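Subject: Structure handover

Hello,

I am handing this structure over to you.

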Amino acid sequence: MQEVYLILGMFLVTFGVRFVLFAVAGRAHFPVWLNHALGFVPPAVLTAIIVPAVLMPEGEIWFSWRNPWLLAGACAFVIALVRKDLMTTIVAGMFIFMLLRFVVGL
Amino acid sequence: MQSIPRSEFYAGVKATLPLIVGAIPFGIIFGTLAETSGLSAWGAMAMSVFVYAGSSQFIALGLLAAGAALPIIILTTFVVNLRHLLYAANLVPKTGHLPLRWRVMMAFGLTDETFAAVSNRFLRESSHSTAHWFYLGSFLAMYGNWILCTFIGIVLGGLFPDMTDWGLDFAMSVTFIGMVVPYLTNRPMWGAVLVAGAMAVATAFMPHKLGLIVAALCGIAVGLSLSLRQSQRTKTLQEAE
């Protein structure tokens with residue numbers, strides 16, 4: 001029974017947060033500066049997820065070329081800048097990461 | 001289904017596939033850890049089906065195992081999911097014309113991965129009229145995978161305790177890298193991204209992923225002020241001419 005309440009509660013707060021702005025869509029009008037600011041949301045949030053994931057993959061800052069997450073992440077960043085193709089970046093980045101971890105043994 | 005909605009739907013599925021690879025170990029590990037954390041197999045399945053929020057589900061397991069009270073777990077879930085407000089705020093101006101049932105689907109299916117895939121779709125194509133089919137494809141692929149992986153995790157139990165060492169978690173990082181780079185076309189964007197990344201490391205000590213929200217807000221603030229300064233400068237230049 002405890003679990004039912006746990007899942008119900010988690011559902012309510014999760015869906016509530018996700019839905020509140022969608023619910024008023026169309027009626028909510030954001031000021032110009034806010035609309036402008038929202039354009040920065042995707043790159044800012046995604047970067048805030050990526051950087052700790054590659055710079056501190058095991059919880060502590062690991063700034064070294066021996067860190068395969070960081071090294072492969074940097075390679076993927078350069079590939080994305082040069083090739084501008086998502087699939088190329090993903091495949092090449094994963095390949096470099098696997099190579100570093102399981103062949104080079106970093 | 002007409003052909004344009006169908007191709008949008010499959011484009012949504014396709015754009016989300018690399019992110020799904022990244023989510024597979026997490027779904028399986030969630031299912032594997034559930035029983036030892038004090039959540040029944042049915043409870044774990046129900047959580048993936050009804051809550052559908054990866055990081056919250058993991059934190060809930062951790063808190064359950066630590067013997068935390070129910071209100072604490074629910075409150076923590078709320079805080080961890082606050083970043084979805086930012087996502088929704090970004091998507092709402094593009095979805096206001098849709099009927100409520102579509103917006104309910106979008107809200108329920110709002111995850112880091114689907115948000116990333118959909119905002120990338122908006123960046124590449126300016127037409128919004130069929131983008132909700134893209135969203136549906138991304139959501140169903142992600143959702144189906146999450147439920148399936150939870151199930152596999154529960155069934156396989158402790159057969160693969162070293163899944164975390166496979167390095168599949170890097171798939172999410174590399175996909176997000178490929179998605180961020182196309183935004184980097186001007187100085188305000190570079191400023192926003194550099195500050196968000198540095199602040200994310202500086203605030204990593206904060207509990208419940210709060211640092212993620214703080215870092216994103218700092219990046220957004222810097223990007224906004226840089227672009228306001230830039231547009232002011234061009235205005236003064238135009239007035240000088």
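**Ground rules**

This is a predicted model, in which local features need pLDDT of at least 70 and side-chain atom pairs count only at pLDDT 80 or more, while totals for chains, interfaces and linings use all residues. Residues are numbered from 1 along each chain as its sequence is written, and chains are lettered from A and ligands numbered from 1 in the order in which they are written.

**Chain B overall**

Chain B has 11 helices and zero strands. Both are DSSP runs, numbered from the N terminus: helices are H or I with at least four residues, strands are E with at least two. The C-alpha trace of chain B spans about 70 × 50 × 35 Å along its principal axes. Of the 241 residues in chain B, 48% are buried. A residue is buried if 20 or more other C-beta atoms lie within 10 Å of its own, exposed if 12 or fewer, and partly exposed in between, with C-beta atoms placed from the backbone.

Take the contacts in chain B between residues at least 6 apart in sequence: 76% join residues at least 24 apart. Two residues are in contact if their C-beta atoms, placed from the backbone, lie within 7 Å.

**Two domains in chain B**

The domain assignment of chain B gives domain 1 (3-183) and domain 2 (184-241). Such bounds come from an automatic or database domain assignment. The C-alpha centres of the two domains of chain B lie 26 Å apart. Where they touch, 11 residues of domain 1 are in contact with 10 residues of domain 2. On the domain 1 side, helix 3, helix 4 and helix 5 (83-95) of chain B each supply at least two residues. Helix 4 of chain B gives the largest share, three residues. That side of domain 1 has eight nonpolar residues, two polar and one charged. The classes are: Ala, Val, Leu, Ile, Met, Phe, Trp, Tyr, Cys and Pro as nonpolar; Asp, Glu, Lys and Arg as charged; the others, Gly among them, as polar.

**Helices 3 and 4 of chain B**

Helix 3 (residues 54-65) and helix 4 (residues 70-80) of chain B pack at about 155 degrees, with axes 10 Å apart. Axes are lines fitted to C-alpha atoms, for helices over the stretch in contact, and angles run from 0 to 180 degrees between N-to-C directions. Helix 3 and helix 4 of chain B are therefore roughly antiparallel. Angles under 35 degrees count as roughly parallel, over 145 as roughly antiparallel, 65 to 115 as roughly perpendicular and the rest as oblique. The residues that meet include B:I59 and B:L63 in helix 3 and B:I73 and B:T76 in helix 4. By class, this contact has seven nonpolar residues, four polar and no charged.

- B:P25 sits in helix 1 (residues 3-37) of chain B. B:P25 is buried because it has 21 C-beta neighbours inside 10 Å. The C-alpha atoms of B:P25 and B:W146 are 9.9 Å apart, although 121 residues separate them along the chain.
- B:Y52 is in the loop between helix 2 (41-51) and helix 3 of chain B. B:Y52 is not a glycine, yet has a positive phi of about 50 degrees. B:Y52 counts as buried, with 23 C-beta neighbours inside 10 Å.
- A:K84 is in the loop between helix 4 (68-83) and helix 5 (86-103) of chain A. Phi of A:K84 is positive, near 55 degrees. A:K84 is exposed, with 12 other C-beta atoms within 10 Å.

Most residues other than glycine have a negative phi.

**Where chain B meets chain A**

In this interface, 69 residues of chain B are in contact with 59 residues of chain A. The chain B side has 47 nonpolar, 19 polar and three charged residues.

Helix 3 (residues 41-55) of chain A and helix 9 (residues 170-180) of chain B come within 9 Å, axis to axis, and cross at roughly 140 degrees. Among the residues in this contact are A:L46 and A:I50 of chain A and B:F176 and B:M179 of chain B. The contact has 10 nonpolar residues, two polar and no charged.

Helix 3 of chain A also packs with helix 11 (residues 210-240) of chain B, at about 140 degrees and with axes 9 Å apart. That makes the two helices oblique.

Best wishes
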